[in-house]
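Subject: The structure, and what turned up in it

Hi,

Here is the structure I promised to pass on.

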Amino acid sequence: MQKLVQLLEFGAPGAKSLEEIRQQVASAGCSSKGGSGKSSCGSAAGQGDLAPEVWEKVKNHPCYSEQAHHHFARMHVAVAPACNIQCNYCNRKYDCANESRPGVVSEKLTPEQAAKKVLAVASSVPQMTVLGVAGPGDPLANPQKTFKTFELVSATAPDIKLCLSTNGLMLPDHVDRIQAMNVDHVTITINMIDPEIGAKIYPWIFYNHRRYEGVEASKILSERQLLGLEMLTARGILVKVNSVMIPGVNDKHLVEVNKAVKSRGAFLHNIMPLISEPEHGTVYGLSGLRGPSAQELKALQDACEGEMNMMRHCRQCRADAVGLLGEDRSDEFSNEKVAAMEVTYDLEARKAYQAKVELEREAIAKAKTAELVKLADETSAIKIQVAIATKGGGRVNEHFGHAHEFQIYEVSTAGAKFVGHRRVDLYCEGGYASADGAATIIRALNDCTAVLVAKIGICPKDSLAAAGIEAVETYAFEFIETSVIAYFKDYLQRVEKKEISHVAKGDADIRQGAFTEA
């Protein structure tokens, strides 16, 4: 399994000191006993854009800060099996509604098992800064298990941020307790504010010992969601709103949802693609309802961004995920393996690691500013998308053939902006190219002009070129945003010299399903 490494194991600038601390924490942390074992807030905002108290809450939270997701990890614990609503994009055999995709939970945990697992992960993975309860049902349909987990973790690992993700039906009843337990981040899945549309998404809810259906169910759910949102923001708790983009059902309506949640103080809006492949067994999947394409999703996110800041780096994580966004190390921390670990929680070593990350982030910001100065003399209406092969640390540091996903940046003379990610099948498995070659990757990157990689072979490079995608190794191990801006400046100059022609790109595929480590 791929290790969670922040920079490079083979020579990226600044990698050694971070890696040394990571190894120090990991070696001291766990050992086996036998066996093998738009307001100015938003995901792209930096320290200067936010109030100090808000910055402290988001600076190392990978879901609430696009900057942080390059460096910091999260974990979810599956302590909440019961759910109180039914969604047409959810199959009860799988993970639930809150993360809006059907990824399987490997193991359900008791609060006590979850607390030990958190300590084991945090002792081995100093980047892990956030604990979330997101299922596999709804955390607030299982309040005793959820809050007992938070209580146990707070007592032993006070530096870990606590989060929960809920459908919002029972949220107003628990806001005071959420605040009392210092849960600073809550995600609410809000897919509609019009009960007529909601009736097409939610067959039923179970509320106050009674089952409600249709429009009546959606009216109750929407009222409770919006009330809970208002109550949380009134207490200074940061709220991220998740919405599933369901073509033909709520895709147009989500612009109104966006306005409604902004007016009630939501910090961030995350619009995610519907996962509807038939094998998942959901109502939508079995009825043939398709998910959105990459550009359909981006167009909706762009339309909503005028109202408030959008989260574009969501991976629709499993309810038992561990690691950076875009990877899952949960198999390394199964109940059996955690039970065999001797855990030493070294808070000072964790702080030292995270202090080094902050220095790295400052270097990234300075380098980006310097590159923007070089771009300032360019005037062009051209706007392109560039894909990045990365394994973390905010650098171009992954081999093309080893990439599970590519991060997508939109770049213009205004600078570079992260706009999403594309999961792909590995090009190389066991040293051999996959049977489908680069075809699936090309379909995922079809709207991109270039892909920046640490290294790439001749065959895939030629395949990409034939599809009109330039593979670039020039910026290997450099910071992502500075590399994207530098590439764009060079691209404009080549267009001006007529060495190349700017060509409008087509649409691309979004691979469905939650991320699971290969």
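Predicted model: local features only at pLDDT ≥ 70, side-chain atom pairs only at ≥ 80, totals over all residues.

C87 itself is buried, at 2% relative accessible area. Another cysteine, C163, is buried too, with a value of 9%.

Before the rest, a word on confidence. The protein chain has a mean pLDDT of 80, and 76% of its residues reach 70 or more. Residues 94–104 stay under 50, although the model gives them 54 contacts beyond four places in sequence. The pLDDT is also below 50 over residues 514–518, a stretch with 21 contacts in the model beyond near neighbours in sequence. Please read those two parts with care.

Next, the inside of the protein. In soluble globular proteins, nonpolar side chains tend to be buried together. In this model, the largest nonpolar core has 74 residues, and Y89 and I178 have the most contacts inside it. Which helix gives the most to this core? That is helix α3, residues 111–124, with 7 residues. There is also a second, separate core of 22 residues, and L375, Y409, A416 and A486 are among them.

The model has 4 aromatic pairs. One of them is F400 with F406, a tilted pair with 5.7 Å from centre to centre and 45° between the planes. F400 and F406 are both buried. Y409 and F418 make an edge-to-face pair, because their planes stand at 85°, with the ring centres 5.3 Å apart. Both of these residues, Y409 and F418, are buried as well.

Now find E410, which is in strand β14, residues 405–412. Is E410 buried or exposed? It is buried, with a relative accessible area of 13%. The side chain of E410 is joined to that of K298 by a polar contact of 2.7 Å. Leaving out residues up to four places away in sequence, E410 touches several others, including K383, I384, Q385 and A416.

I469 is another one to click on. It lies in the loop between α14 (458–466) and β19 (470–472), and at 1% relative accessibility I469 counts as buried. Beyond four places in sequence, the residues I469 touches include I442, L445, C448, V451 and K505. I469 and V386 are 83 residues apart in sequence, yet their C-alpha atoms are 9.2 Å apart in space.

Most residues other than glycine have a negative phi. H209 is not a glycine, but its phi is positive, about 65°. You will find H209 in the loop between β7 (204–207) and β8 (210–213), and H209 is exposed, with a relative accessible area of 79%. F477 is not a glycine either, and it has a positive phi of about 75°. F477 sits in the loop between β19 and α15 (480–496).

Cheers

How values were computed
Residues numbered from 1 in each chain as written. Heavy atoms only, no water. Helix = DSSP H or I, 4+ residues; strand = E, 2+ residues; numbered from the N terminus. Buried < 20%, exposed > 50% of the residue type's maximum accessible area, 1.4 Å probe, protein only. Polar contact = N/O pair within 3.5 Å; in protein donor to acceptor, adjacent residues only side chain to side chain. Contact = heavy atoms within 4.5 Å. pLDDT = per-residue confidence, 0-100. Core = buried A, V, L, I, M, F, W, Y, C linked by side-chain atoms within 4.5 Å. Phe/Tyr/Trp six-rings, centres within 6.5 Å; stacked < 30°, edge-to-face > 60°.
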